[in-house]
Amino acid sequence: MQNKLHKNIIYILTIVFSIVFIAVGYNMNKIDFSSYETSKSYKARVVSVEEITEENLDYAYESYSTTTVRFMAEITNGTLKGELFEAYQYLDDIVAVNPKVVDKGDKVIIASLISRSGEGEDWTFLEYDRSRVLWVLLISFFALIVLFGRKKGVNTIISLIFTCLSIFLVFVPSILSGRNIYLSSIVVSCFIIFMSLLIINGANKKTLCAIVGNLGGLMIAGLLAIFISDVLNLTGLIDDDSMFLLMVTPENPIDLKAIMWAGIVIGSLGAVMDVSMSIASALNELAENMDNPSFKSMLRSGFNIGQDAIGTMTNTLILAYIGSSLSVVLLLVVNYKDVLLLFNLEMIVFEIIQAIIGSMGILFAIPITSIFAAYVYNIKKDIKVFKKMED
């Protein structure tokens, strides 16, 4: 009963600390976007399509044709909800892929922008409103997590929400506000590790072993990333997005090498956490069910379990990176016939070291978790701190 009370207290304290961490981090790094000139966009429903016209235009010594769709739209949110406006959708043939022509009943996003004629403003089609489908998909995902995971599924959702909030309300604003990116990455990564494992698995030896293994694996991956980026003379300028980042704060440019380092560390965080927890959990079961568990036997079991996890988790990590940049890979393969040059482009090199160093974090997490877990599960005397943390 007392152990359960201690477990509940730590659970509540973890929730409270997570809320405070995110609130304080957000307030410390809050960005004032009032100086940025942006047009407010609105959700709207297409009431009717009035006219579709085509014309040929000349621009910058190049001729192209454009299709203009004039339609009536009813605003469905905000202060203008219920009002009807005439809006325009422009489809230019110089764009490789255009959205489909709007039709009656379509849900769209529109905004009042400067007219193409240069006189006044027109309500202009920006995108289709996909938010409803995305919400349905997200709710279905959460429902399945709860259905299959029960109580642990609920805790998984809570930890996932805190993880996303820490990234988008603390980490990203800290970069834009000029904070040290290396320090921010370390703080947020440590928060995610402790918060996720304590909320999902509770305070016990198993969680402690997973935390130690996770921190060890990420620390080595981070050090390797710094060393390798210097050896390979990487600048962090890997694509057009990197150049745009430099323009965000010209007076204090963002450190692109630090961004690259943060991408490697945070990108491998989930996989390293998964392997560490798998080994710690398996060794915990062995310790509870073996008659005479020894340090040597537990360590051997940890390495055996880790060997099975290496192949699947390394493949998972590498395939995730390849899948996320598949379009870029295809484009580069088509345009760079010189294989030597292709595999020395900084963009490709970054993807390679991101996958390799992330996988090396997994590899180092295995022995660290195994050694620490084998030691912890074989402590004969009851250590007070561990006794309080046991299930």
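**Terms tested against values**

Reader: Why is Cys-164 called partly exposed?

Author: Cys-164 has a relative accessible area of 37%. Buried means under 20%, exposed means over 50%, and partly exposed lies in between (1.4 Å probe, protein chains only). The value for Cys-164 therefore falls in the middle class. This is a predicted model, in which local features need pLDDT of at least 70 and side-chain atom pairs count only at pLDDT 80 or more, while totals for chains, interfaces and linings use all residues. Residues are numbered from 1 along each chain as its sequence is written, and side-chain values use heavy atoms, with hydrogens and water left out.

Reader: How do you know that Cys-164 is in no disulfide?

Author: The structure holds zero disulfides (a disulfide being a pair of cysteine sulfur atoms within 2.5 Å). For Cys-164, the nearest cysteine sulfur belongs to Cys-190 and is 18 Å away. A disulfide is a covalent bond between the sulfur atoms of two cysteines.

Reader: What rules out a bond for Cys-209, and is Cys-209 buried or exposed?

Author: The closest cysteine sulfur to that of Cys-209 is in Cys-190, 17 Å away, which is too far for a bond. Cys-209 has 0% relative accessibility and therefore counts as buried.

Reader: What makes Tyr-26, Ile-161, Leu-165, Phe-168, Leu-169, Val-172, Leu-176 and Val-248 a nonpolar patch?

Author: Patches are made of residues with over 30% relative accessible area and no salt bridge; nonpolar side chains (Val, Leu, Ile, Met, Phe, Trp, Tyr) are joined within 5 Å, and like charges within 9 Å. Leu-169, for one, has a relative accessible area of 31%, and so it is partly exposed. Together the patch residues have about 620 Å² of accessible area, computed by the Shrake-Rupley method with a 1.4 Å probe, only the protein chains shown counting as cover for residues.

Reader: Which element supplies the largest share of the nonpolar patch?

Author: Helix 2 (residues 131–176) contributes six residues, the largest share, and Leu-169 lies in helix 2. Helices (H or I, at least four residues) and strands (E, at least two) are DSSP runs, numbered from the N terminus. In an α-helix there are 3.6 residues a turn, so residues three or four places apart point the same way.

Reader: How do you know that the reach of helix 3 is close to the expected one?

Author: The expected span of a helix is 1.5 Å times one less than its number of residues. Helix 3 (residues 181–201) has 21 residues, for which 30 Å is expected, and its first and last C-alpha atoms are 30 Å apart. Just after helix 3, Gly-202 has a positive phi of about 80°.

Reader: Why is the pair Thr-66 and Asp-92 called a polar contact?

Author: A polar contact is a pair of N or O atoms within 3.5 Å; within protein, one must be able to donate a hydrogen and the other to accept it, and residues adjacent in sequence count only if both atoms are side-chain atoms. The side chains of Thr-66 and Asp-92 are joined at 2.5 Å, so the distance meets the limit. Thr-66 is found in strand 2 (residues 62–75) and, at 2% relative accessibility, counts as buried.

Reader: What makes Arg-70 and Glu-51 a salt bridge?

Author: A salt bridge is a side-chain nitrogen of Lys or Arg within 4 Å of a carboxyl oxygen of Asp or Glu. The closest N and O atoms of Arg-70 and Glu-51 are 3.2 Å apart, so the pair qualifies. It links distant parts of the chain, with Arg-70 in strand 2 and Glu-51 in strand 1 (residues 41–59), 19 residues apart. Arg-70, at 22%, is partly exposed, and Glu-51, at 36%, is also partly exposed. Glu-51, Arg-70 and Glu-86 are linked in a network of salt bridges.

Reader: How many salt bridges are found in the whole structure?

Author: The search finds six. Among them is Asp-230 with Lys-257, at 2.8 Å between the closest N and O atoms. This pair spans 27 residues, from helix 4 (residues 205–231) to helix 6 (residues 256–289).

Reader: What makes the phi of Arg-150 worth a remark?

Author: Most residues other than glycine have a negative phi. Arg-150 is not a glycine, yet it has a positive phi of about 55°. Arg-150 is found in helix 2 and, with a relative accessible area of 59%, is exposed.
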